[in-house]
Amino acid sequence: MAVLAKGGNFAVTPRVLPFEDIIANVESGIRGVSMDKAEEIRRETARILQRAQPSKSNLTRDESRAIKSLNEKEDILILAADKGTQQ
């Protein structure tokens with residue numbers, strides 16, 4: 001119940017950082033920037049990523065197990081409540 005109460009927009013903190021996605025987005029963002037500035041941004045990004053640590057989990061161990069258990073059950077489908085329709 002605690003997991004479901006968090007709502008459909010609740011985002012679980014990742015266990016590992018998405019380094020490849022971050023690097024790809026930085027490269028996309030520095031297009032059109034001078035070579036010197038782009039290289040400086042790359043160095044700074046690499047420095048930050050070397051020190052980066054994943055955030056502490058925002059779920060308890062029991063909540064993590066509950067999510068895993070719900071995801072494994074093919075006969076359970078969790079949908080957002082349809083608040084606009086009254087029957």
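Modeller: Glu-27 and Arg-42 form a salt bridge, with their closest N and O atoms 2.7 Å apart; the term means a side-chain nitrogen of Lys or Arg within 4 Å of a carboxyl oxygen of Asp or Glu. This pair links distant parts of the chain, Glu-27 being in helix H2 and Arg-42 in helix H3 (residues 35-51), 15 residues apart. Helices here are DSSP runs (H or I, at least four residues), numbered from the N terminus. The model is predicted: local features need pLDDT of at least 70 and side-chain atom pairs count only at pLDDT 80 or more, while totals for chains, interfaces and linings use all residues. Residues are numbered from 1 along each chain as its sequence is written, and side-chain values use heavy atoms, leaving out hydrogens and water.

Arg-42 also forms a salt bridge with Glu-39, at 3.2 Å between the closest N and O atoms. Because they are 3 residues apart in helix H3, Arg-42 and Glu-39 are separated by about one helical turn. Glu-27 is partly exposed at 30% relative accessible area, Arg-42 is partly exposed at 27%, and Glu-39 is partly exposed at 36%. Buried means under 20%, exposed over 50%, and partly exposed in between (1.4 Å probe, protein chains only).

Elsewhere, the side chains of Glu-63 and Lys-6 meet in a salt bridge (3.6 Å, N to O). Glu-63 is in helix H4 and Lys-6 in the loop between H1 and helix H2 (19-29), 57 residues apart. Glu-63 is buried at 12% relative accessible area, whereas Lys-6 is partly exposed at 32%. The whole structure holds 6 salt bridges.

Conventions. Helix = DSSP H or I, 4+ residues; strand = E, 2+ residues; numbered from the N terminus.
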